[in-house]
Amino acid sequence: MNACIRAIVRTAVYNGLEVYGIRRGYNGMIKGDIFKMESLTVSNIIQKGGTILKSARSKEFATKEGRQAAYEQLKAHGIEGLVAIGGDGTFTGANIFYEEYGIPTIGAPGTIDNDLYGTDYTIGYDTAVNTALDAIDKIRDTADSHERVFFVEVMGRDSGYIAIPCAIGGGAEIVMIPETDTSIDYVIDQLKAGWSRSKTSFIVIVAEGDEEGSATEIAAKVSSIIPDMDARVTILGHVQRGGAPSAADRMLASQLGIACVEGLIAGRTNEMAGIINRELVYTPFIETITKQKLINPNFTKMVDILSV
């Protein structure tokens, strides 16, 4: 997100606009935690993970009174347009706020889950995948040496977008994601088929939102049927959300930050800037928060083919 913030500030300065930062999202907007930003404000941040503006959920912004307070703060600072970096919750709030107060808003998709409709990739996704993949590569060494089955849980409460490239890039034998029904019986069949081909180690990638449960629960279910299986569970957790952003993420975030400011200048509002087939597109917020971004079924087929 820092690369995106940097691009937003410098695009505004480039176009002769005043730009303000709002700390801690809508919560900071309500409390007036707003400060003027200059080009130097965003120096030396492009390589840093997280966000210098911090992030926070805001129950108060979900109320009419909270949004009224936020509007009064924007008026007091002379703010005429917003750039919102985030996901479903952020854009839902921005959509309601515009309907009530008419503050033009353009969004940049910032979520590691990559599950927003209207863009091929979201800010943070590539970095999260590469972080997870680096860990899986190390786990593969242990799995191979000790001839074990590792159940590795990656983030993805509602989406398998992190799990799929981790499975393909990490050489996993099985992937379990919310978008597809992968039964315990299927996992057992795949393990037995692998053992029959003299495989001695396995990696099972589990998205945290899989219908069979967490990696711990799935490992327990499989172990109850195959008690002599040497199984281990690794939950990568929030390590996927930090670290220096990849080159691809810095490029994407910079491109989208510029697009957000230029969109506002052009009179656009209530839209998310995204990249589809390498082209810049703007998608209405209502579509980004209501339409489902589907996973290409060929990717799950790839896991099956490459696990043979």
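I began with helix H4, where the buried residues are Phe91, Gly93, Ala94, Asn95, Phe97 and Tyr101. I note here that the model is a predicted one.

**Entry 1: helix H4**

I checked the length of H4 next. The helix runs over residues 88-101, which makes 14 residues. At 1.5 Å a residue it should span 20 Å, and its end C-alpha atoms are 20 Å apart, so the two agree.

Then I asked what covers the buried residues of H4. I found helices and strands among the cover. The helices include H2 (25-31), H3 (64-76) and H10 (285-290). The strands include S3 (82-86), S4 (105-109) and S9 (271-276).

I also looked at what follows H4. It is Gly102, and its phi is positive, near 70°.

**Entry 2: the annotated domain**

I looked up the UniProt record. Its entry is unreviewed, and it annotates residues 1-263 as "domain: Phosphofructokinase". Over residues 1-263 I read 44% helix and 14% strand. The end C-alpha atoms of this stretch are 18 Å apart.

**Entry 3: Lys293**

I went to the loop between H10 and helix H11 (297-306), where Lys293 sits. Lys293 is buried, yet it has no salt bridge. Which side chain of opposite charge is nearest to Lys293? It is Asp120, at 5.9 Å.

I then looked for backbone partners of the Lys293 side chain. A polar atom of that side chain lies 2.6 Å from the backbone oxygen of Thr119. The side chain also reaches the backbone oxygen of Asp120, at 3.1 Å.

I listed the contacts of Lys293, leaving aside neighbours within four places in sequence. They are Asn114, Asp115, Leu116, Tyr117, Thr119, Asp120, Tyr121 and Tyr161.

**Entry 4: Glu173**

I found Glu173 in the loop between helix H6 (163-169) and strand S6 (174-176). Is Glu173 buried or exposed? Its relative accessibility is 7%, so Glu173 counts as buried.

I checked its side chain for polar partners. The side chains of Glu173 and Lys199 are joined by a polar contact of 3.2 Å. A polar atom of the Glu173 side chain also lies 2.7 Å from the backbone nitrogen of Ile203.

Beyond four places in sequence, Glu173 is in contact with Arg140, Gln190, Lys199, Ser201, Phe202, Ile203, Val303 and Ser307.

**Entry 5: Met37**

I placed Met37 in strand S2 (residues 34-37). Met37 has a relative accessible area of 2%, so I put it down as buried. Which residues does Met37 touch, not counting those up to four places away in sequence? I noted Ile5, Val9, Val19, Tyr20, Gly21, Val42, Ile52 and Leu53. I also took the spacing to Arg6, which is 31 residues from Met37 along the chain. Their C-alpha atoms are separated by 10.0 Å.

**Entry 6: Thr131**

I ended in helix H5 (residues 125-146), where Thr131 lies. Thr131 has a relative accessible area of 25%, so I recorded it as partly exposed.

Definitions and conventions. Residues numbered from 1 in each chain as written. Predicted model: local features only at pLDDT ≥ 70, side-chain atom pairs only at ≥ 80, totals over all residues. Heavy atoms only, no water. UniProt positions renumbered as here; feature names shortened; annotations may be inferred. Helix = DSSP H or I, 4+ residues; strand = E, 2+ residues; numbered from the N terminus. Expected span 1.5 Å × (residues − 1). Buried < 20%, exposed > 50% of the residue type's maximum accessible area, 1.4 Å probe, protein only. Contact = heavy atoms within 4.5 Å. Lys, Arg positive; Asp, Glu negative; His and termini not counted. Salt bridge = Lys/Arg side-chain N within 4 Å of Asp/Glu carboxyl O. Polar contact = N/O pair within 3.5 Å; in protein donor to acceptor, adjacent residues only side chain to side chain.
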